[in-house]
Amino acid sequence: MAIIEIENLAKSYRIYQKSEGLWAAIKGIVNRKYKDVDAVRGIDLTVEQGEFVAFLGPNGAGKTTTLKLLSGVITPSSGTARVMGYVPWKREDAYRRRFALVMGQKNQLWWDLPAQESFRLHQQIYRVDPDQFDRTRDELTDLLDVTRLLKQPVRELSLGERMKMELIAAMLHSPDVLFLDEPTIGLDVVAQHNIQKFLKFYQQKRKITILLTSHYMKDVAALCQRVVIIAQGVIKYDGSLAGIVDKFSGHKVISLQLADQARFDDLDRFGQVLEVVPPKAKIRIPRAQVARVLAELLASHPVEDIGVEDPPLEEVIAEVFSQVDHREATQEEILAAAEKA
Amino acid sequence: MLAGARTWFMIVRISLEERLAYRGDFALGTLMRFLPIVTQIFLWYAIFTAQGGADRPLFGYTYTEMVAYFLMTMVARAFSSMPGLASGIARQIREGEVKKFLIQPIDMLNYLLATRVAHKGAYYTIAIGPFVLVFYLCRDYFATGFPPWPTFLAFLASLVLGFLLGFFMEASIGLIGFWFLEISSLLFVYMLFSFFLSGHMFPLTMLPEPWQTIVVYSPFQYLAFFPAAVFLQKVQGAELVRGLVMEVFWVVLFYVSARMLYRRGVNRYSGFGG
């Protein structure tokens, strides 16, 4: 049986629309205009035990809303979800003892106390057996290399060290399911890398199920076998990271190196010229034309070296997002126009 | 049950530690609470002298009784006042910290009550010294002396109930933050009522009718006036019993109100957007 089953899950918020200006503010006291915003509009998703899934999507796409729904912070407008057989928004203690949510931008440790005190509190809240608690804590602090920092007040820790402590606090009760909302936000490359390494190792060792949202493609590439792209509240893609390029990019990039004194000014008749730094150049062409363009290029130019590549993943994803953004913008304009009329 | 008690104890222990993290601020804050009482004593001394001397009773209180009364309201308020409780709850709601209580298997009200017990505990530990000193210096003001044991027990009960009442009243106001987000004006109104009706500015027996009747039935008198009046044996016998029963009633009422507000608030919060 799947550990997470989501069916047709939807959530819309009512948002108070404030118009500009003082007069509008005064009018707003009596007569408030609300707008329904569909944050998540019908998601179907099944996650098996032991999977490490990444949610990708532009800001406001519904990633965090989905994690909040699954951790029971919010109730959906419609649809169902079950995690380990529990309905999250019923908030049963039995469920709450078996998952954890870590938000990169929120902290749950006691600011003025050493992290180990917060850990003790978690031991009590989650009813962790004392011996097991000691073992788990020692293992986690050792893995993340923060044992020496346990006695320092949390406020004196660096952002990266604090994030590690947050992760430990969330994992002390050995949750079966872990939701991570941008766990590496604002961290430097080294700290990001450490946390990635830790998550990967621990996930494989304990076979826990992790759902992660992140803006760092490196996080995703390093950790997740499965990627779910959410945009405008619906799932646009569900599959492997490499598959994204196949699905969303109909283009290939040809990089070539020409002999001296070769012509660079006519390259644009083959496709979109991405860059020209003689003797090298890059051209973007539709995938279907790869063979034809290659043949023509070789015939017409003194080619010294040539290669055909997929466009970089980040570019493809940015492209997917920007298409979405564009469509969303037009939708907003239509909405605005409709309201005026 | 046992596990629950251990969790509770851990929360108390940790918030005690947190409280003591800033020693200087804590010590200063604790000692400064004694300042207002000094100004009040001087103020009433001036009023009594202007009215014809310290021995002439004013509204049933002589000057010495008045000083004793204020000292006792100070003790009562040390139990019933909840600095930062309502505003803290509203802030947690506004800034989304309240999520923690939806995600983790812990109840917000129990948690806040435990931290509050810890804060009070820390406060008394430090304040007991100055309290003893002040009461020793002012011992002559207590003309009736130490009350008999039954009265003293009733006094202790009224203090504990006052603590609970203060907690659940302020918690209820804070929880309104689920609907209003900003509750400072509401809190201001509450403080205003508390200021006049709790009796920490003047003994409530001074008020004319119909305020007398209103005050007797209001929950505010339990925050300061009632415990002081019990200790000074101004409230006795059937009146004392009735007062305590009423106090229990108010505690239960505000407990239920806080519970309901919390449940509805959480439902609204999770429906609204978290």
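For the complex as a whole, the predictor gives an ipTM of 0.78 together with a pTM of 0.83. Chain A has a mean pLDDT of 85, and 94% of its residues reach 70 or more, while for chain B the mean is 87, with 97% of its residues at 70 or more.

In chain B the lowest mean, 77, belongs to helix H2 (residues 23-32), and the highest, 95, belongs to helix H8. Where pLDDT is low, the predicted coordinates should not be read in detail.

## Chain A

Chain A contains 11 helices and 13 strands, and its C-alpha trace spans about 75 × 60 × 45 Å when taken along the principal axes. Of its 341 residues, 36% are buried. If one looks at the contacts in chain A with a separation of 6 or more, 73% of them are made by residues 24 or more positions apart.

The domain assignment divides chain A into domain 1, covering 4-245, and domain 2, covering 250-309. The C-alpha centres of these two domains of chain A lie 44 Å apart.

## Chain B

Chain B has 13 helices and 0 strands, so that its pattern, read along the sequence, is α-α-α-α-α-α-α-α-α-α-α-α-α. Its radius of gyration is 20 Å, close to the 19 Å that the globule rule gives for 274 residues, and chain B is therefore as compact as a globular protein of that length. The box filled by the C-alpha atoms of chain B, taken along the principal axes, is roughly 65 × 45 × 35 Å.

Buried residues account for 36% of the 274 residues in chain B. Among its contacts between residues at least 6 apart in sequence, 81% join residues at least 24 apart.

## Where the chains meet

The contact between the chains takes 25 residues from chain A and 21 residues from chain B. On the side of chain B that touches chain A, the elements giving two or more residues are helix H1 (2-19), helix H6 (99-103) and helix H13 (237-272) of chain B. Helix H1 of chain B gives the most to this side, with 8 residues.

## The nonpolar cores

The largest nonpolar core has 136 residues, and those that touch the most other members are A:Ala54, A:Ile168, A:Leu178, B:Leu165, B:Phe168 and B:Ala228. Helix H8 (residues 149-175) of chain B gives the most to this core, with 12 residues. Not counting residues up to four places away in sequence, A:Leu178 touches A:Phe99, A:Ala100, A:Ala170, A:Ile208 and A:Ile210. Another core, of 8 residues, lies apart from the largest one, and its members include A:Leu256, A:Phe270, A:Ala281 and A:Ile283.

B:Leu261 is placed in helix H13 of chain B, and it counts as buried because 21 C-beta neighbours lie inside 10 Å, where the cut-off for a buried residue is 20 or more. Leaving out residues up to four places away in sequence, B:Leu261 touches B:Ser172, B:Leu175 and B:Ile176. The C-alpha atoms of B:Leu261 and B:Ala171 are separated by 9.4 Å, although these residues are 90 residues apart along the chain.

B:Leu58, by contrast, sits in the loop between helix H3 (35-50) and helix H4 (63-80) of chain B. With 18 other C-beta atoms within 10 Å, B:Leu58 is partly exposed, because a residue is placed in this class when its count falls between the limit for exposed, 12 or fewer, and the limit for buried, 20 or more. Apart from its neighbours within four places in sequence, B:Leu58 is in contact with B:Phe48 and B:Gln51. B:Leu58 and B:Ile47 are 11 residues apart along the chain, and their C-alpha atoms are separated by 9.6 Å.

Technical notes: Residues are numbered from 1 along each chain as its sequence is written. Chains are lettered from A and ligands numbered from 1 in the order in which they are written. This is a predicted model: local features need pLDDT of at least 70, side-chain atom pairs count only at pLDDT 80 or more; totals for chains, interfaces and linings use all residues. Domain bounds come from an automatic or database domain assignment. Two residues are in contact if their C-beta atoms, placed from the backbone, lie within 7 Å. Helices (H or I, at least four residues) and strands (E, at least two) are DSSP runs, numbered from the N terminus. A nonpolar core is a set of buried Ala, Val, Leu, Ile, Met, Phe, Trp, Tyr and Cys residues joined through C-beta atoms within 7 Å. The radius of gyration is taken over C-alpha atoms; the globule rule is 2.2 Å times the number of residues to the power 0.38. pLDDT is the predictor's confidence in each residue, from 0 to 100.
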